[in-house]
Amino acid sequence: MRRKIVAGNWKMNKDMKGSVELVKEIIQTNKLFGCEVYISPSFPFLNEISSICELTPIKVIAQNVSEKSQGAFTGEVSVDMLKSIGVDGIIVGHSERRKIYGENDEVLRMKLDNCSKNNLEVFFCIGETLELREKGKQNEVIENQLNNTLFDLPDFNLDKLVIAYEPVWAIGTGKNASSEQVQEMHQYIRTLLNLRYGKSSDSIPIVYGGSLKPDNSKNIFSCPDVDGGLVGGASLNPKAFLDIISSI
Ligand code: PGA
């Protein structure tokens, strides 16, 4: 049985007060979640939010990490720093990091390796642009993204891996992929994982991200190869986020 997961990526939103209020509203519902729940606040608030979540089932992950271990890298944050404040995992390869900050496969491979060696959970994001989807190249894109990064590493701690399929054209656009499109891609990703890792890949969760909302999450989560979601915009609204969690 694969794990079920819903994660909220707050991106560069909310100040200290707003972040604390948001997490407290999620905690205070006192609901028993039917899946694992992760939230990803901004770097400056990770420490505070991790302490607030310490005795709750909610896990806290960072939105990014440096590919370097330590040293003269102004503005960067290392795996060790994040571990020392109780962060459980990292989102690696988000399309905003790839596109806006130019993170390429080589950098992503180093980040993945760094996280795996340090036993941190990784949400590894992959997904095609609209242009490549319109050319029918989505499978090729996904395969290349995996071959050039994750699959190129001789060892990866698969117990700590979550794949997030996030078609770039569906992120923050209000235009989610249809459940047929999502199922097709997740099934394809599962085939690739199986070819690379064999049986041990069977338990790797694959979550969907891209304009997930309470009114489309149930449909998408009901696809056989979808194990949950990575939620951006809707995770900033506690009610919407909790409704998405309940729909799994
Ligand atoms: P969105 O973002 O839900 O706002 O589309 C998803 C993501 O970027 O992970």
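At what angle do helix H1 (residues 16-28) and helix H2 (residues 46-53) pack, and how far apart are their axes? The views below come from a predicted model, in which local features need pLDDT of at least 70, side-chain atom pairs count only at pLDDT 80 or more, and totals for chains, interfaces and linings use all residues. Residues are numbered from 1 along each chain as its sequence is written, and side-chain values use heavy atoms, with hydrogens and water left out.

**View 1. Packing of H1 and H2.** The angle between helices H1 and H2 is about 20 degrees, and their axes are 10 Å apart. H1 is therefore roughly parallel to H2 (angles under 35 degrees count as roughly parallel, over 145 as roughly antiparallel, 65 to 115 as roughly perpendicular and the rest as oblique). Axes are lines fitted to C-alpha atoms, for helices over the stretch in contact, and angles run from 0 to 180 degrees between N-to-C directions. Helices (H or I, at least four residues) and strands (E, at least two) are DSSP runs, numbered from the N terminus. The crossing of H1 with H2 is right-handed (the near helix is turned clockwise from the far one by less than a right angle). H1 contributes Met16, Ser19, Val20, Val23, Lys24 and Ile27 to the contact, and H2 contributes Glu48, Ile49, Ile52 and Cys53 (contact means heavy atoms within 4.5 Å). Sorted by class, the contact of H1 with H2 has 7 nonpolar, 1 polar and 2 charged residues (Ala, Val, Leu, Ile, Met, Phe, Trp, Tyr, Cys and Pro count as nonpolar, Asp, Glu, Lys and Arg as charged, and the others, Gly among them, as polar).

**View 2. Packing of H1 and H10.** The axes of H1 and helix H10 (residues 238-246) come within 10 Å and cross at roughly 40 degrees. H1 is therefore oblique to H10. This crossing of H1 with H10 is right-handed. Leu22, Glu25 and Ile26 of H1 meet Pro238, Phe241 and Leu242 of H10. The contact of H1 with H10 has 5 nonpolar, no polar and 1 charged residues.

**View 3. Packing of H7 and H8.** Helix H7 (residues 138-147) packs with helix H8 (residues 179-197) at about 40 degrees, their axes 11 Å apart. The two helices, H7 and H8, are therefore oblique to each other, and their crossing is right-handed. From H7, Gln138, Asn139, Ile142, Glu143 and Leu146 meet Met185, Tyr188, Ile189 and Leu192 of H8. The contact of H7 with H8 has 6 nonpolar, 2 polar and 1 charged residues.

View 4. Residues around the ligand include Lys11, His94, Glu166, Ser211, Gly232 and Gly233 (one heavy atom of the residue lies within 4 Å of the molecule). A polar side-chain atom of His94 is 2.6 Å from a ligand oxygen atom.

**View 5. Two loop residues with positive phi.** Most residues other than glycine have a negative phi. Lys11 has a positive phi of about 50 degrees and sits in the loop between strand S1 (5-9) and H1. For Ser211, phi is positive at about 55 degrees; Ser211 is in the loop between strand S7 (206-209) and helix H9 (214-221).

Notes
A polar contact is a pair of N or O atoms within 3.5 Å; within protein, one must be able to donate a hydrogen and the other to accept it, and residues adjacent in sequence count only if both atoms are side-chain atoms.
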